[in-house]
Structure formats: C-alpha cells, structure tokens
There are 2 protein chains.
Amino acid sequence: MKTTSKTPPYEEVEAILRDYLEKKGHRKTPERFTILKEIYSIDGHFDIEDLYVRMKNNKYRVSRATLYNTTELLLDCNLIVKHQFGHHSAQYEKSFQYGQHDHFIDIDTGEVSEFWDERLEEIQKYVEDTLHVKISHHSLVFYGKKLP
Amino acid sequence: MKTTSKTPPYEEVEAILRDYLEKKGHRKTPERFTILKEIYSIDGHFDIEDLYVRMKNNKYRVSRATLYNTTELLLDCNLIVKHQFGHHSAQYEKSFQYGQHDHFIDIDTGEVSEFWDERLEEIQKYVEDTLHVKISHHSLVFYGKKLP
DNA sequence: ATCCATGCAAACCGTTTGCAAGCAA
DNA sequence: TTGCTTGCAAACGGTTTGCATGGAT
C-alpha cells in the first residue's frame, strides 16, 4: 500500500525551477540552482541548518537568509515539501523521491517513519463536503512507541 | 458524525489534578488550581500569552514560566491537549469539552474548524499493524480555503 | 526545616528583517 | 543602469533556564 516513485534526473527539476522563476518574473540566480542541486542530493528530511552546514562543507558561500528565501520558492513550485514536527525547526524534503505519504514519530527516539493509507483521501473528501472548503494540503502525524 | 461531550463540573477536573499531583508526589500549590480553573473557563483554543493576559486582567499574579510548567502537568494528566499549528505559538484547549476531533485551517484567515471522521481510527490501526508500533496520539490538520 | 515551586529576567534558538553590496536583466 | 537578490548581523518572538525568594510538606 506504500507508494514510491523515482527521483527524476536533476535536469528535470532544474527545468521546473527555471520555468517557475520565468513565469513569476524572479531572477535565475546561480544560488537558487545550487541550493536546489544540494537539496536533491539529500535523502530524507533536512532542516535549514543541515542544509547550511552541508553547503559550507562543500565550500559554498551561502547565508541562512538565502536558504530561507529559496526554500520558500521551492515550496511554491512544489519541488520540496515542508513539515512542522513539534515546535522545533521545520523539516523539508524533496517532493519527487517518495509519493504522497504521512509520518509516524517514535516518542522515545524521534525516529520518523512513513506510511500511506488511501482512506485519508476519503476523509479529505468528507471534510471538503461537510465544511464546504477546498483542501490544498494536509499534515498527519501519529506519535507512539515501537512494540517490543 | 461530529461527536461532542459536556464539560464536567469544575470539581471533577480539580479532583483529577489533585489525584495526579498526589500520585506523582508534586505539590498542590494554589497556582496550579487557579490556572486549571482559568483554563476551564476558556472556550476554544488559547496560547500561553492569552492565558497570561487573562490572569493578569483578573488581577492574578503569575509568571509565564509557571504557565509553561503547569500546562506541562495538565498535559501529562490529560486535562488539556496541545496543538502545534505551524511554527507559531502552541495552542491548547481543555480536553473535556469536545470529543476527539481534528482540525481544518483556513489558509486565508487562519480560522480553525473541527471535524471528526471514524475512518482515521482504521488508518491508525493500519499504521500500528504495518509499522509494529503502539500509537498514543496524533495530529491531523487539513489546510485550504473556503468555497465561495 | 526542607527543598520544590514560583516570579522575574536573561538566555536561547529558529526564523525574520534591515541594509549595504552584488549582479541578473 | 535598475532594482531584485545576496550575505551579514541584528532583531524578533515563543520557549527555556538560572536564581533568589516563598511556601507546601
């Protein structure tokens, strides 16, 4: 029941960003493409600080401010997704590697697992109908412990 | 399909806190009961700052630190629940007034609506079985816009 | 009398903002 | 050349922490 999809070649996501910037009238700066490339080399979740450290280690000169700005753009063109687990730093991940999924977080270790259940779509439809709204995205997180 | 339940008399929740503090060996300070009483007079969501202002308006001398400490205790004995919507201040609500429910948040206005769909329990069971875990709580939030 | 809990203020930390310098258009 | 974007550092805001005082036990 868990869906997966492959990461497309980097050229493809780069083209998506290029078209998006074009359409919105934003500048195609080298920083934006470098950041996208770095993000697409990361498997799993990362936060801004992770990204900052990675790019510094790669001897690339970036500021956290630019990382915050650029992730905002990448969110807007759906190249990444953002998760707010608890009150800590926001977690991001590229949105092509895995299909749609939600999260389970181990209370003891903080470890994150993923799952997907189609019935959530039925719930979404129910909510849209009863509250008379159009849902654009959601966040579902289960918290608990591993069974022995 | 939406479930509701009535707020029990204040004496009942006070007894729950009293028993909890007793069992845990924590002191039964007047602050803790006053804060509980204030919280149970609030309908809907509130954050620490809301609570602080309310108590100040009622001429009660509290510190934010004590509010943070006490809400931690009230969470632990299940007299309140905590929601982390976005990266902003945590929202709390007494856990007796409404039954189990989840949230829809209007992207434009920030307005919060509630709903309940039993199929979520089936999803929870599915996740427990496939990931081999025991789930203690969850957070489900849909984001979207009102239909015209 | 103990020592946990409180009030206050400072520290903390992720995120946002202001601004001068840089560079895409 | 124009003015959006960047890097840097300071500001911001919710939460946590340190510490002296106070009060439950």
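Between chain A and chain B, 12 residue pairs are in polar contact, both residues being at pLDDT 80 or more. A polar contact is a pair of N or O atoms within 3.5 Å; within protein, one atom must be able to donate a hydrogen and the other to accept it, and residues adjacent in sequence count only if both atoms are side-chain atoms. The model is predicted, so local features need pLDDT of at least 70 and side-chain atom pairs count only at pLDDT 80 or more, while totals for chains, interfaces and linings use all residues. Residues are numbered from 1 along each chain as its sequence is written, chains are lettered from A and ligands numbered from 1 in the order in which they are written, and side-chain values use heavy atoms, with hydrogens and water left out.

On the side of chain A that touches chain B, the elements giving two or more residues are β4 (112-115), α5 (119-131) and β5 (133-146). Helices (H or I, at least four residues) and strands (E, at least two) are DSSP runs, numbered from the N terminus. With 14 residues, β5(A) gives the most to this side. The residues here divide into 18 nonpolar, 11 polar and seven charged. In this grouping Ala, Val, Leu, Ile, Met, Phe, Trp, Tyr, Cys and Pro count as nonpolar, Asp, Glu, Lys and Arg as charged, and the others, Gly among them, as polar.

Strand β5(A) also pairs with strand β5 (residues 133-146) of chain B: 13 bridges join them, and they run antiparallel. Two strands pair if DSSP finds at least two bridges between them. Lys146(A) stands opposite Val133(B) in β5(B).

The rule finds two salt bridges across the interface. One joins Glu122(B) to Arg119(A), whose closest N and O atoms are 3.3 Å apart. A salt bridge is a side-chain nitrogen of Lys or Arg within 4 Å of a carboxyl oxygen of Asp or Glu.

One lies 3.3 Å from a polar side-chain atom of Arg32(A), and a polar backbone atom of Lys28(B) is 3.1 Å from a phosphate oxygen.
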